[in-house]
Amino acid sequence: LAVKDPTAVERANLLNMAKLSIKGLIESALSFGRTLDSDYPPLQQFFVVMEHCLKHGLKVRKSFLSYNKTIWGPLELVEKLYPEAEEIAASVRDLPGLKTPLGRARAWLRLALMQKKMADYLRCLIIQRDLLSEFYEYHALMMEEEGAVIVGLLVGLNVIDANLCVKGEDLDSQVGVIDFSVYLKSDDDIGGKERNVQIAAILDQKNYVEELNRQLNSTVSSLHARVDSLEKSNTKLIEELAIAKNNIIKLQEENHQLRSENTLILMKTQHHLEATKVDVEAELQTYKHSRQGLDEMYTEARRQLREEAQLRQDMENELVVQVSMKHEIELAMKLLEKDIHEKQDTLIGLRQQLDEVKAINVEMYQKLQVSEDAMKEKNEIISRLEDKTNQINATMKQLEQRLQQAEKAQMEAEAEDEKLKQEYVNKSESLQNEFSQKEKQLLQLETDLKIEKEWRQTLEDDLQKEKETVSHLRTETQEIVNLKKEFLKVQEKNKQLKSICEDQEAALQELASKLSESKLKIEDIKEANKALQGQVWLKDKEATHCKLCEKEFSLSKRKHHCRNCGEIFCNACSDNELPLPSSPKPVRVCDSCHAILIQRCSSNVP
C-alpha cells in the first residue's frame, strides 16, 4: 500500500472540520432564530477551526527572545490588498486589551464576520500566492486548493447576523481546542432531514430577499439622482422662461420706440430734401473753385515732372561719362600693373647683377689682400737685401783695404752685385705695374658701384611715384563708387516722385469723372424738378400695390414716389441708389426715368 502524505491528510482533516463547523453554525443559527453573540458555542468552535486552518503550514519566525509563529502577519497584509479592510486593522490596533499578535488576529476574525466580508478578505489573500509564500510553507492549507474551498464555504456565513463584543473579551489567553463531540452524529440527527430541507428553503428565501433588497436600493438611488437632475432642469427652465418673458417685454418696448422713431425720421427726411437744393447750388460753386485749384495743381505737377525728367537726363549723361572714365581708369590701371611687373623684373635682374658685382668685389678684395701680403714680403726681402748691400759695402771697404790682396775676388763680387741689383730693379718695376693695375681696377669698381647706386635710387623714386599714382587712382575710383551710389539714390527719388505724380494724375482723373457724373445727375435732378412742377401726388388710398412687383404695400414694403414720371414703387424694387455729396446716405432712383424716389408717410404730406 502506498503511504499517504501527512500534510495532505492534515489538509483534508482541516477541510472536513471547516465544513462541519460552518454547516453546524449555519443550521444552529437559523434554528436559534436571532443574532448570535460571543458566548454561542458553535460560533466559538468555528473561530477555533479557522484559527487551526490559518496556522497550518505557518513559517516560524525568529525573534530576540524566542521563536514566533502567529497568524497576524498574513491577516495584516489584507489591508494592503483590500482597501476596505484598513478600518478593521486600525480598530484592532487601537483595542486597549490586546497585547499579543494572536489576540489581534482573533479580534480581526470576529470583526470580519460581523461585517460579512471574511470570504472577500481571505479570497484577496489566497490569490496573492507570492506574498503568502513569505508566511506559509508550500504545503500549507492556504497555499493549496483546500484554502480556496474554505473561502467558498465562508460565503454561506453571510446569512448569519452576529453581534460580538470584542473590547472587553480576553482574546490573548484563550485556548483553541476543537470539541469533536459537537460534530458526532446521533439518533436525533437522522430524523431531522425534513428540518434541514426547511432550513435550506428559508436560507434560499433569505438570500433572494437580500438580493432583491440590494437591487431595490440601487433603483431607489438611481431614481433619486434622476429626481435631482429633473429638479435642476426644471429650475433652469423656469429661469429661462422668466428671462424670455422679460426679453419679450423689452422687444415690445423697442418696437414702439422704433415706430415712433420711424415717424420722426420720415419728417426729418422731408425737411432734409428741401435743404438738399440749397446744398446742391453751394456745391456747384465749390466745385468750380476746386476745379480751378486742381488745374493749377495739375500744371504745377506737370512742370515738376518736366524738371525731374531733365534732371534724370542729366544724371544719365553724367553716368555715361563716369562709366567711360571708369573704363579708361581700368585700362590705365592695367597698363600701370604691367609696367610695375616689368620694373619688378628689372629690379630682380639688377639685384642679381649687384649680387654678382658684390661677389666679384669680394674676390678682388681678397686678391688685393693677397697682393698686399706679397708686397709686404717683397719689401721685407728688399730690406734684407739692403742690409746685405750694407754688409757688402762694409765688406767692400774691407776688400778695398785688401784690394791688393783680393782683386779677383772684388771683380767677381761687383759682377754679382750688379746682377742682383738688376734683378731687384726688374722685380720692383713689375710689382709697381701690378699695383697700378689693381688701383685702376679698384677705381673702375668704385665707379660701377656709384652707377648702380644712382640707378637704384632712380628706380626707387619711380616706384614711389607709381605708388602715389595708384593711391590717387584708388581715391578716384572710391569717389566714382560714391557718385554711383548717389546716382542710385537720385534714381530711387525720381521713381518715388514719378509714382506720386502718377497717383496724383489718377486721383485728378477720378475726381474729374466723379464731378462730371455728379454734374450730369444734378442736371437730371433739375430737369426732373422742372417736370414735376405741374404734377399732383397720388393719394395713399389709391396706391395700394407696387408698379413693378404688383405686391401690396406694408411696413416692410414702403412706398417710394418718382418725381419725374409719378410712378410708385416699393423699397425692394427701387434698389438703384445714387451717392450725393450733400447727403451722408445714397438716394434711391427710379428704374424707368432714373429720377430720385421720395418716400411718403401720409396721403397729404410728400
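A: Begin with burial: a residue is buried if its relative accessible area is under 20%. Keep in mind that this is a predicted model. Here Phe 46 is buried, and Phe 47 is too.

Q: How is a pair of aromatic rings described?

A: By the distance of the centres and the angle of the planes. Three aromatic pairs are counted in this model. In one of them, Phe 46 and Phe 47 sit 5.6 Å centre to centre, with 55° between the planes, a tilted pair.

Q: Why is the pair of Tyr 82 and Tyr 121 edge-to-face?
A: Planes over 60 degrees apart count as edge-to-face. The planes of Tyr 82 and Tyr 121 stand at 70°, so this pair qualifies; the ring centres are 5.3 Å apart.

Q: Which parts does that pair tie together?
A: Tyr 82 is in the loop between helix H4 (78-81) and helix H5 (86-94), and Tyr 121 is in helix H7 (residues 118-127), so the pair joins parts 39 residues apart in sequence. Ring pairs also bring in Trp 108, giving a cluster of Tyr 82, Trp 108 and Tyr 121.

Q: What lies over the face of Phe 47?
A: Arg 110 does, 4.2 Å from the ring centre.

Q: Which residues does Glu 51 touch?
A: Leaving out residues up to four places away in sequence, Glu 51 touches Ile 71, Leu 102 and Arg 106. Glu 51 belongs to helix H2 (residues 41-55). Its relative accessibility is 7%, so Glu 51 counts as buried.

Notes: Residues numbered from 1 in each chain as written. Predicted model: local features only at pLDDT ≥ 70, side-chain atom pairs only at ≥ 80, totals over all residues. Heavy atoms only, no water. Phe/Tyr/Trp six-rings, centres within 6.5 Å; stacked < 30°, edge-to-face > 60°. Buried < 20%, exposed > 50% of the residue type's maximum accessible area, 1.4 Å probe, protein only. Helix = DSSP H or I, 4+ residues; strand = E, 2+ residues; numbered from the N terminus. Lys NZ or Arg CZ within 6 Å of the ring centre and 35° of its normal. Contact = heavy atoms within 4.5 Å.
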